[in-house]
Structure formats: structure tokens, C-alpha cells
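User: I am new to this structure and would like to go through it in questions and answers. Please begin with any term that I shall need.

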Amino acid sequence: MEVALGLLALVAIICAGSALGRKINVSVPLLLVLAGVVCSFLPFVPVIELNPELVLVGLLPPLLYAAALQTSLFDFGSNRRAIGLLSVGYVIFGTVGIGFVVAWLFPEIPLAAAMALGAVVAPPDAVAATAIARKVGMPRRIVTILEGESLVNDATALVCLRAAIAAIAGTVSAAAIAGGFLLAAGGGLVVGIAAAFVLTALRKRIRNVAINTSISLIAPLVAYLPAEAIHASGVLAVVVTGLIMGTKAPSMPNGAARQSQRSNWHTVQFLLENSVFLLIGLQVRTIIGGVQDDSLGPERIWLGCAVVLLAVLVLRPVWVFPATYLPRLIPAVRRKDPAPPWQFAAIVSWAGMRGVVTLAAVLVLPAELEHRSVLILMALVVVAGTLTLQGFTLPPLVRLLGVKGPDPREDALNQASLMQLATAAGVQRLQELQSDADPPEVVAMLKRRTQERGLAAWERLGRPSAEAQTPSQRYAQLRLAMLDAERAKVLELRRGGEYAHEVLVEVLDRLDVEESMLDASLEEPESVGGGEGIARPGGICPHLESAPDPAVPPDPSCAACERDGTTPVHLRMCVECGNVACCDSSPGTHAYKHYRATGHPVMRSVEPDEDWRWCYPDELLG
């Protein structure tokens, strides 16, 4: 009963804290840490001891797997040098640096134990880094590097920790350490690839959604346990499996299973991720109480903790700035990957929050180790200090440095262009498959529905949410109201007992599926100015290269819509003759009709803050 009540309280606090944090715009991880600290000092809350096995086997593999599923293997590969320098180089540098600092502060602590603490506090936490980085709205490359670092650095840190613990026992050599690194990296890579191959082959052949999803949920352990059994890095195996599975998932059959996987992993990640931060706070009382009787003395202990925290904060930029710019002294590297602004390196230097893996790893230290409680307190101070100092100050730092995250309007524009290309491919495939026996109305309906989906993406551009709704949004709003009425009618008939339960459930499921698809249509992107640096999916064409750049009229309008009495959705201007007409989502589609009548190939948007162009013949965005 106590376990059940504890789990209920844990989930209740997580849900309440997450809802409150979003409402008052406070970082949810930091809010849950504070809630855990408060709870740890309440007299009716039992002492909760963090079991390192629970974290390193029960929490870490699924969390890393969930993060790896959402990480692009292609982006990971394109940033592999930066990720490698941080996840391997910085962890080793931090392990040695912090180890010598601790040994200097406390000569009573063996150097091997000091190095063990260095390995524990060196790696930034995967959960803390990505949770705060995504909320802040950093440039995608910074987020990719931080995610990649936090996915791999735990493997390096745990290998360093094993070597340090072996040194404490006096059974380690330089050759053994090197061999351990090779086995951990090579074995973890091989096991991760093998696990991904087996799981992918299984999931391709299993059509049942429940079984398919269940296999996905056990994937972290399928990768982790065999790797640990051969003394390789289970963490690295999990990350490799997650990266490969996430890359292959969109091309695998069974869309229902893919949807189920996303939904289930989103829930698992939410609960485990937030449990981690709550558990950090709940350890405070126990860890502080453990150093009360240590012979080093409280003043010396707390001063040492502050110095170790300062060293952790300083050592990261000491590594990050040279690691960012020194490789680019090589001309080949500089040509392929020019140096980023110094602001990028500054943000990466400050985004080094530590988390629950640090606390779990420090508890692995031998119980008989002298001053073990002091080392655990140091790890706690580093976790709490980095989460508080860096977590609270990272958003203002990003704003102060003027570093902007992804532009939602640019994303919406690229999404519309991508949908256009996908729609064209779908229509072309339909033309290849259709036969004379196909009913014309079926073919027409398929074309219309496919094209309407593509047009809905273009409608998101250029219209502030305060103005009238776009056709696709109005369609979604009206259809949702119809679905409510349809569901109410089915529920009314259910009470009459005239239909079998299985029949009613099937009809309600179909309504739910359609509703979930419509919900996304009503989500408005944030209105962010700009339009500079728009990507060009599909390349460039002669029409776009040679197109003139006429001035946009101060008060543009579609004369054809005014004549016909129709309402335009968005306005486009022919760059050849300056004719302003409505877009393809508008009832009149006058911009397209102008192109068909005149052959003028390029139009541009004349909506506020938009300067993109579209080539009709080549169907390219520029």
C-alpha cells in the first residue's frame, strides 16, 4: 500500500508541477526540483533513498532511447566532431580536472576516489540539457550538439567511473583503462547496431499494433542488457539503437503502430523525465544529513563543495572555446565547417546542467570508502548548483547575446514547400495507377483531398491569428463541431442498447481518429517577423535567378476578387508585370489563373514580413 501511495503521490506532483510551470512560465524541471527539496524536509514524507541500480538500469536506458528516437541521425552525423569533442574529450578533461581539484582541497581523499567524483560530475545530463534547451528556443545546431553530447557522454563517464573504482581497489593499469574504453565503445556500437537490426526486422513483420508497440517499449533493455553482459557500454548501445530505430521508423509499414509508438513514448518520457527531477530534490535532506559527523568538518566541507562547483562551471568554457575554434585552424575543416559566432560557444559552455545520473553514479562508490558522504554531497551541490545557476540564467543569457531560435514563419514556409513537393509526388503516383475502370469521381476526390492538404500548409503563412480564419481552419472548426454531434448521437444510441458494444467502439474510434487529425489544423504558429535566409527546397532555377524585383504596392488587393465578389485568403504578386492576385487557397485562385493566361513564371508573396517567391513551371521555392 505504501508503494502504491508513493507512486500516486509522485505522478500527482509531476502532473501538478508540470501544469503549474507551464501556466506561470517557469521551467518545469527546476520547479520539480524545488518541490522535491520541500517534500524532503516534510516530517510525514518518508526518507527516499535513491537506488543507483534503479536509475542506471530502470530510468537511464528508456530516457536515452526516447531522446535518441527524436534525434536526427543525419544531424548527429553532420555535427559528429563537435559532439565527439564534448562527449568524450570534455568528459575526460573534466574527470581529470575535477579529480585534481578535489585531491588538492582534501588530501585525505585518495586520488582515485577524487577521479571517481570527477567522472561523476563531468557529464551534463541528457534530460536537463534538452528540457531547458528546447524551452529556451536556441538555434537548432546548438540543440543538436547538446542533445548529441548528452546522449553519448554518459557512456564515457561510466567507463571513467569504472576505471576509478578499480583504481580505488588497486586493480587497474593504463592498458586496462585503454582496453575498457575500446570494449565499451566498440562493443556498445556493435550491440546497438545488432539490436536495431533485430528489432527492425521483427517490427516490419508484426502488424498487430499492441505487439509492435510492446517491442518498441522493451527496445532499450534489448540493447542495454547484452552490452552490459559483455562489459561493453549499455548506454552507448541504447543510444545507437534509438538513433537507428528513429531514422528507420518513418519508412516502416503500419502507420498505426508508428502513431502508437510516438504516443506511448511521449507519455513514458514525460513521466520518467519529470520523476528524475523530483527524485533529485528528494535526496537533499538525506545527503546533507550524511555529512554531519564527518571528520573533515562542516566549514571545510561546504567550502570545498563551493570550489568544486566553481571548477565545474569554469572548466567547461576552458574546454569548449578551444575545442570550437582550434580545429578550424586546419583549412580543410574551416572550408567545410566555418567557425560559428562566439555566442554559440558561450551558450554551449553555459548549458552544462547536471542531473540524476550524477547522483546515481556517485552512489555506486564503495560503501567502505572513507569520506564517501562528502563526495556524495559534492555531487549534490554540483547538480543543484548547475540546475539553479545555469538553468535560471540560460534563457536571459540567450536573449542577451541576441541568439535567435528557429523562425516559426520560416518553418511554416518550408513545411508548405515540402508539402507541395509531397503532394505533387502523390498526384503523379495516382496518375500512374489509375485505369479506365476507376470511377472518375473517386479519382477526382483523391486529387482534391490531396491538394487541399497541401494548400492548408500554405494558408498558415501570412495571416495573423487575429484576422479571419483560413478555409482549412474554418473547415476544421466546423468539422469538429459536427464530430461532437455525431459522437453525442452514438452515445445516445449506446444507452438504448440496440447496438453491440464492439460496433459502437469501432464507430467511436473512427471519430476519434478523425478528430485527432483535425486538432492540428487549429494550432496557430507564433507570428515572428522575418523571412530572411529562407531555405530553397528543391534548388534554384533560371526563372528565379532572372526574376525582377518590383516594389510591392502599399495597399495591395486582388482586383479579380473584388470584381467577382469573393474573399482572398492570401495575396501574391507577379514579379513580371506587378499584377496582384489571390493564392491557390482562395476561391478564385487568380494568381494561378494569371500564370496560365500570361505564362509569367514567378510570383512572390506580398503578405507582411514575407519575401519568398514561387516558380510555377519548376515548382520551386526561392
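Analyst: A residue is called buried when its relative accessible area is under 20%, exposed when that area is over 50%, and partly exposed in between. The model discussed here is a predicted one.

User: With that scale, is Glu108 buried, exposed or partly exposed?

Analyst: The relative accessible area of Glu108 is 38%. Buried requires under 20% and exposed requires over 50%. Glu108 therefore counts as partly exposed.

User: Which side chain does Glu108 meet in a salt bridge?

Analyst: Side chains of opposite charge can pair when their charged atoms come close. For Glu108 the N to O distance in the salt bridge is 2.8 Å.

User: In the salt bridge of Glu486 and Arg479, which residue is buried?

Analyst: These two side chains meet at 2.7 Å, N to O. Glu486 has a relative accessible area of 27%, so Glu486 is partly exposed. With a relative accessible area of 14%, the buried residue is Arg479.

User: How many salt bridges does the count give?

Analyst: Salt bridges can also join into a network, and one such network links Arg81, Arg141, Arg328 and Asp337. The count for the model comes to 15 salt bridges.

User: Strand E4 was mentioned above; which residue of E4 is the bridge partner of Met603?

Analyst: E4 covers residues 613-615 and runs antiparallel to E3, with three bridges joining the two strands. E3 also pairs with strand E1 (residues 571-574) in the antiparallel sense over three bridges, and there Met603 is the bridge partner of Cys574. On the E4 side, the partner of Met603 is Trp614.

User: Are the faces of strand E3 covered or exposed?

Analyst: In a regular strand the side chains alternate between the two faces of the sheet. In E3 (residues 602-605), Val602 and Arg604 lie on one side and Met603 and Ser605 on the other. These four residues are all buried, and both faces of E3 are covered.

User: About how much space lies in the largest cavity?

Analyst: Rolling a probe the size of a water molecule over the atoms shows where empty space is left. The count gives nine cavities of 30 Å³ or more. The space in the largest of them is about 250 Å³.

User: Which helix gives the most to the lining of that largest cavity?

Analyst: The lining has 15 residues, with Ala82, Ile145, Thr324, Arg328 and Pro340 nearest the centre. By type, the lining residues are 11 nonpolar, one polar and three charged. At least two residues come from each of H5 (80-105), H8 (140-168), H14 (298-325) and H16 (342-350). With four residues, the helix that gives the most is H5.

Notes:
Residues numbered from 1 in each chain as written. Predicted model: local features only at pLDDT ≥ 70, side-chain atom pairs only at ≥ 80, totals over all residues. Heavy atoms only, no water. Buried < 20%, exposed > 50% of the residue type's maximum accessible area, 1.4 Å probe, protein only. Pairing = 2+ DSSP bridges. 1 Å grid on protein atoms, 1.4 Å probe; cavity = no way out; pocket = protein on both sides within 12 Å on 5 of 7 lines; lining within 4 Å. Points joined across faces, edges and corners; volume = space filled by probe spheres on them. Nonpolar A, V, L, I, M, F, W, Y, C, P; charged D, E, K, R; others polar. Salt bridge = Lys/Arg side-chain N within 4 Å of Asp/Glu carboxyl O.
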